[in-house]
Amino acid sequence: YCAWFDGHVTSASMLFFGGAVVNCYLSGTSSDHTRSNDSKLIIDHVIREYRERGKAWLHLGGRVGRREDHLFRFWAGISRDWFKFAVIHCILIADAY
């Protein structure tokens with residue numbers, strides 16, 4: 001998903017979905033448009049679109065470590081529903097890795 005202004009991408013997000021969950025994998029905003037809230041417009045659009053498709057959850061991501069940095073504050077400003085989330089790192093083919 002992309003937000004555009006004057007023919008230029010101002011913000012973009014890459015999402016994956018499976019089952020009832022949509023996962024925001026990567027997102028970013030042009031440094032010239034950080035105050036424009038274009039990323040929030042994308043998230044609003046995604047919520048509406050995937051709700052119509054029967055998806056129940058949008059996982060926006062987390063934070064780096066336990067810091068309450070700018071990314072944490074951004075996500076916290078969108079929803080008050082927080083859940084514990086874990087990532088499992090598993091090397092299946094050690095030689096290839």
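Colleague: Which element supplies the largest share of the lining of the largest cavity?

Modeller: Helix α1 does, with three residues. This is a predicted model in which local features need pLDDT of at least 70, side-chain atom pairs count only at pLDDT 80 or more, and totals for chains, interfaces and linings use all residues. Residues are numbered from 1 along each chain as its sequence is written, and side-chain values use heavy atoms, with hydrogens and water left out.

Colleague: Which residues line the largest cavity, and how do they divide by class?

Modeller: A lining residue has an atom within 4 Å of a point, and the list is Ser-13, Leu-15, Cys-24, Ile-42, Ile-43, Val-46, Leu-58 and Leu-60. Seven are nonpolar, one is polar and none is charged. Ala, Val, Leu, Ile, Met, Phe, Trp, Tyr, Cys and Pro count as nonpolar, Asp, Glu, Lys and Arg as charged, and the others, Gly among them, as polar.

Colleague: And what is the second largest pocket like?

Modeller: Its volume is about 430 Å³. Of its 19 lining residues, Thr-29, Ser-39, His-70, Leu-71 and Phe-74 lie nearest the centre. β3, α1 and α2 (70–76) each give two or more residues to this lining, and β3 gives the most, six. By class there are seven nonpolar, 10 polar and two charged residues.

Colleague: How do you know which strands pair?

Modeller: Two strands pair if DSSP finds at least two bridges between them. β1 and β2 have four bridges and are antiparallel, β2 and β3 have eight and are antiparallel, and β3 and β4 have three and are parallel. Among the partners are Met-14 with Leu-26 and Val-22 with Leu-58.

Colleague: What is the order of the strands, and why do β1 and β4 stand at the edges?

Modeller: The open, mixed sheet runs β1-β2-β3-β4. β1 (2–5) and β4 (57–59) each have a single partner strand, so one side of each lacks a neighbour in the sheet. Ignoring direction, neighbouring strands are turned by 25° against each other on average. Helix α1 packs on the sheet, touching β1, β2, β3 and β4, and its direction makes about 35° with that of β2. Contact means heavy atoms within 4.5 Å; axes are lines fitted to C-alpha atoms, for helices over the stretch in contact, with angles from 0 to 180 degrees between N-to-C directions.

Colleague: Why is His-45 called partly exposed?

Modeller: With a 1.4 Å probe and protein chains only, buried means under 20% relative accessible area, exposed over 50%, and partly exposed in between. His-45 has 43%, so it is partly exposed. His-45 lies in helix α1.

Terms used. 1 Å grid on protein atoms, 1.4 Å probe; cavity = no way out; pocket = protein on both sides within 12 Å on 5 of 7 lines; lining within 4 Å. Points joined across faces, edges and corners; volume = space filled by probe spheres on them.
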